[in-house]
Amino acid sequence: MEKILSKDEIADLLSAVRHGEVDFEEENSDDFVTARRKSVQNFNLVRSNEPENWRLRNYDLILDSFARNYSLALSSRFQRSLQVKLEAMESMRFDALLQRLSGRGAIGVLDLSPLVGGALLVFDEQLSFALVEIVLGGDAGNKTAVPDRSMTAIELNVLRDVIQSACSELNKGFDQLFKVDTSLLELVSNLRLLNFATSEVGVVTARFRTTIDGLEGSITLVIPHTALEPLQKKQQAKAAAATIQVNSKWQTFVCDELEQMEVEVEGVLAKLSLRVRDILNFQVGDVIELNSKPDAPLRLMVENQPKFLGMPGVHDGKKAIRIMGRIPHGG
């Protein structure tokens, strides 16, 4: 525990600082400033830094399309019933994902050009070893023995075409939002030794339940948030454009309706203030003087607001006002 200064020690220290006996500016050295700067962390007030809050709208449509097309491709390839179905989708940190996966199956490292960051396609050990049996002409069944080890290089090579075929199906799924060119870069069997992303990076995981010959396994698609952010921004831009279009239609509608509105228009020659007593004493023949010249223009009021100046006259046998000009705002 650090020692706490007494009141006398604090008084002596302050006295020494005042009299220049202590150089208290040493803390402002370059090393101290550098250390302070290193301790500063950026914080985004607009979007939460928690990976669990990250979302991509309609991403499930991409995944459903991939699952459906991949089911058909594998069923046609092996000539047997095989089903791939989206089971769960979740956003998390990469280190949390590492704790969930055993890492003893086949792991394909994918490139999602032009998206930056790539992806992982993880086959669990149950499905991986079963597919090896099927590719080699065996019958996996529901009692396939799963060795307590990672897959060998030969076994991974046997599954290369199976995982490679998933790339074209991913392309079809992404075509709904964005055109990507997926390719298989590497095939490994140890997830923890894979230098794919740092532990704190946020990723979106999609787990697919796969059924073949009564045997169930899982395929997990892992894509970092950074790789999907261009799609997120593209969706936001489309939403903004749609909003502008809706606002434009609404503005046009309002303008059209305003043109059909009826308003009250009156011509005012002059205004005069009188006492009630004077008005009660009016007699036939009395002359009321107005503070206006005979040839002065009228003020044309629109909904009690002065808008135009005009001269009174007659048109087609009816009283009319010829507009001479607009009254300035506030006039």
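What is the volume of the second largest pocket? In this predicted model, the second largest pocket has a volume of about 240 Å³. A pocket here is an open set of points on a 1 Å grid over the protein atoms alone, where a 1.4 Å probe fits, with protein on both sides within 12 Å along at least five of seven lines; lining residues have an atom within 4 Å of a point.

Two remarks on conventions. The model is predicted, so that local features need pLDDT of at least 70 and side-chain atom pairs count only at pLDDT 80 or more, while totals for chains, interfaces and linings use all residues. Residues are numbered from 1 along each chain as its sequence is written, and side-chain values use heavy atoms, with hydrogens and water left out.

To return to the pocket, 20 residues line it, and Arg100, Leu101, Arg207, Ser218 and Thr220 are the closest to its centre. Two or more lining residues come from each of strand S1 (82-93), helix H4 (94-100), strand S3 (119-123), strand S5 (202-212) and strand S6 (215-224). Helices (H or I, at least four residues) and strands (E, at least two) are DSSP runs, numbered from the N terminus. S1 gives the largest share of the lining, 4 residues. By class, the lining has 8 nonpolar, 6 polar and 6 charged residues.

I turn now to a helix pair. The axes of H3 (residues 59-78) and H7 (residues 160-174) come within 8 Å and cross at roughly 140°. H3 is therefore oblique to H7, as angles over 145 degrees count as roughly antiparallel, under 35 as roughly parallel, 65 to 115 as roughly perpendicular and the rest as oblique. Contact means heavy atoms within 4.5 Å; the residues making it include Tyr59, Phe66 and Tyr70 of H3, and Val162, Ile163 and Leu170 of H7. The contact has 12 nonpolar, 4 polar and 4 charged residues.

Finally, two points of backbone geometry. The peptide bond from Ser113 to Pro114 is cis, with omega near 5°, and Pro114 is found in the loop between strand S2 (107-113) and S3. Glu303, although not a glycine, has a positive phi of about 50°; Glu303 lies in the loop between strand S8 (298-302) and strand S9 (305-315).

How values were computed
Axes are lines fitted to C-alpha atoms, for helices over the stretch in contact, and angles run from 0 to 180 degrees between N-to-C directions. Ala, Val, Leu, Ile, Met, Phe, Trp, Tyr, Cys and Pro count as nonpolar, Asp, Glu, Lys and Arg as charged, and the others, Gly among them, as polar. Grid points are joined across faces, edges and corners, and a volume is the space filled by probe spheres set on the points.
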